[in-house]
Each structure stands twice: as C-alpha cells, then as structure tokens.
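Hi,

Here is the structure I promised to pass on. Have a look at it first, then read my notes below.

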Amino acid sequence: MPNDLDTLMSRIATINAKSAQEVNDEDITALITYYRHLRSIKSSGGGRALRPKSTPAPANKLSLDTILSLSVTKPKAPTSTNTIVRRI
Amino acid sequence: MINTIDERALTTISQSPFLPRTKIQFAWDSTSLGLFKECPRKYQYTMIDGWAPREESIHLRFGGEYHAALEHFDKEMALGIDREAAIFHTILKLVSNIWDWNPDRETKAGHYKNRDTLVSLVVDYLDHFNSDPAQTYLKSDGTPAVELSFRFELDWGPNNDTEMVGGNINVIEHEDGSLEEKPIQPYLLCGHLDRVVSFNDQLLVMDRKTTTTTLGPYYFSQYEPHNQMSLYILAGRIILNTPIRGAIIDAAQIKLEEPNAFARGFTYRTEDQLNEWLIDLRTTLAIAETYAIRDHWPMNDTACNNYGGCRFRSICSKSPSVRDKFLAAEFDKLDEDARWNPLKPR
C-alpha cells in the first residue's frame, strides 16, 4: 500500500501543477480516489503523518576514541559560589 | 400578512435593497437581519458602509462553492443519474470552478478553507451520505426543490410619516367603498433555501453549514431559537405551500488530521412561534428605520464577544475619532456591487 500511496501522491502532485484547462477526466478520477484514500489514512490515525515533515538535524558523529575518552565519573555537586541561598 | 412573488420574477438584475436616497433597507434576508439584531453598529459597518474583513472572501467563496457542488449533485440524483457518475460530474464541475483559487494558507481561514480541503469535504460528504434517508422533495412541476430563491412581500413597509421616505402609502378604494392603505414599497423578505427534503414522512428545510467547530449538542443548540432557521421554515411553508414543520442543519466539520465529520441537527417551529417571529420583526424593522432616519447606529456592547469575538471589536474598542483610519487599515471597503445584497440572485 505505501507504494500505491506514493504513486497516487506523485500523481496528485502532477495534477496540482496543471492548469484548469489541462485537468482531464482521468485526473478527476485520481483526485476522488486520492481523497477517499486520504480519509482512510486519517481514520487510521495517520493524519499527522500527512503534515509536511521538517528535516531532522544530522546527528553528531562520534569516534570510538572520543567515546572511550569520555569521563564516566559523577559530576561534581555545584559549589556554593554557583548557588544563591537566601537564609531566613 | 404575507404575499409571495412569483419565482420567475426573480431576474438576474439586482437592485439596491435600500429605498432611493435613504439608508432605509426594505429588502431583508437572514444575514442582514441577523447583523442588525446582533448589533446595529455591525450592521452599519457591513451593510451601509460596506466594510469587509480581508479574510471574509475566503469563507464566502468556500461556502458558495460547497453549496454549488452539492446542489449540482442533488439535481443529478433527482434526474436519476447513477451515484458514482453524479459524484464524478460534481467533482469535475467543482474542480473547474476552483482550480485557480489559491487563498493564503498562512491565514487561519486559508489554512482550513482552500482548494484541497474543499474537494476533500465534498467527496467525504457524498460518501458519508451514501444512503441518505433525506430525499429531495420534488415540486409540483417535477423539479427538485434545491437552491430555491424566495421573496415575500410583507403587508407593511417603511413608515410614511417622515419626509425622507416621502409618503409610502397608497390608499385603495374597494368596490364596497371601503378604503385600504397599502405600502407603495412593502418590506421584502428574501433568501435561498438549500434543499427541501422528505425525512421520516415529514417535510423539512435543509440548510448546509461548514464549520471548524465540533459538531456536538453545543453547536446545534445555537439554532433554537435562530433568526435564519425561523425565516427559512416560514419561507418553506409559503413558497411550497406545504406544512413544513422544521429544518435540518446539515453540518460539516472541516478537519485536517482526522476525517471530516458530518452531523445533522433538527429544529422545529410551531405556528405560534412563527407568528411571534413576524410580530417581533415588525418592531425590529421599525427600529431599523428609526436608526436610518437618524443615521445613528448604536453599538450593542453586550454582543462584542459572541462567537469568538466580533470582527469589528478592534475598531469599536478605539476612540471614535480614529475608527475610520483603523477601518481603512484593517478592512476592505467594497464597491456597491460587491456588497451583501439580499436582492442579488445566487
């Protein structure tokens, strides 16, 4: 089904790029099919996936040496100079 | 109290709904009447001055095309055309009408109401009511009762006791010698009925609505009492001369991430309720005439927060001396022809 959907969405993108005069009967049939398909996707909870996706930021690459060099000791507790304590 | 006007007399030429050289409106529909009842100042800004919010055109276009598409479908079904073929023809016509329509989707209105959501809504509506228990009523001439324009002449008109109206009464002498006063220009009530249907052995007016509001009891409770529904039920009774008891609100909720939702609500009016509505109307129109003569439209500051806030709230909250500047900055002043006109045929 995902391939069918991809094909259909690609077809819809092509239709959307057409002018009103260029839209033909096959395009209308494809539009009806698309919106029926869209409804079933929304019904199955996939509506959010239809939102435009933002590209995730690339992950930082870490070498094995870098990982081994990382300290595994517990971080120090904050010193009193970093903490404002109001005594009452 | 009411005289009907032959539907054939509804020409494509629209005239002004105001008496010449006055601000006295004689032709009223549910929209203009609703504006006046809600707030005379809102009525003034919209009907008299022609101010329109920039986004309003999106709502009007979306609603108009939605109604036109379903009207087309209803007519084809009434002609006995196969359902899938009628859906195809409906979407074909809709697409040809709206393909070049490209509202700004960055606005809230354009986000929910655009070419894609409109086609989606029509396809979903037609599939949702695949076996519709509401059947289009066929008029006595055999044509389906869809998109019926109506005009009633009331048996009273704007008063004749002012210089501005200039004597609006004709005195007619009957054969028996009795005299009858008739207004030269009576008030008219106008509008369009989306569809009259037979549902569970009763005739009802159907009115289609699109909204982004959840379709629950709270949504439907707004229609009882309701200016438009009372007028439409009255209109249905008069133009079809049939005992129409109420109206179906055929509501469609536009949803972006979930399937569009559809629900129908029912509202009924008794004979007494309709008579009361007409009696109240007489007083309302007299008040409107008084405001028009004084050219002063008082603000109803208890209605500013209705329905999520009046479109003119940001204007009315300013000092009177600067309101015109803010109106010009935030609204479009429509040409006379583009303004809401109850006499304009659909």
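Just after α2 of chain A, A:G45 takes a positive phi of about 85 degrees. (Helices here are DSSP runs of H or I with at least four residues, strands are runs of E with at least two, and both are numbered from the N terminus.) Before you read too much into that, note that this is a predicted model, where local features need pLDDT of at least 70 and side-chain atom pairs count only at pLDDT 80 or more, while totals for chains, interfaces and linings use all residues. Residues are numbered from 1 along each chain as its sequence is written, chains are lettered from A and ligands numbered from 1 in the order in which they are written, and side-chain values use heavy atoms, with hydrogens and water left out.

Back to that helix. At the start of α2(A), a side-chain oxygen of A:N24 comes within 3.1 Å of the backbone nitrogen of A:E26. How far apart are the end C-alpha atoms of α2(A)? They are 27 Å apart, which agrees with the 27 Å that its 19 residues (25-43) should span at 1.5 Å a residue; the expected span is 1.5 Å times one less than the number of residues. Its buried residues include A:I28, A:L31, A:Y35 and A:L38, where buried means under 20% relative accessible area, exposed over 50% and partly exposed in between, using a 1.4 Å probe and protein chains only.

Chain A as a whole has three helices and zero strands, and 22% of its 88 residues are buried.

Now chain B. The largest nonpolar core has 50 residues, and B:W28 and B:Y43 are among those that touch the most other members. (A nonpolar core is a set of buried Ala, Val, Leu, Ile, Met, Phe, Trp, Tyr and Cys residues joined through side-chain atoms within 4.5 Å.) A second, separate core of 39 residues includes A:Y35 and B:W101. In soluble globular proteins, nonpolar side chains tend to be buried together.

Is B:R339 buried or exposed? Buried, with a relative accessible area of 13%. Its side chain reaches the backbone oxygen of B:D49 at 3.3 Å, and a polar atom of that side chain lies 3.0 Å from the backbone oxygen of B:L334.

Cheers

Key. Polar contact = N/O pair within 3.5 Å; in protein donor to acceptor, adjacent residues only side chain to side chain.
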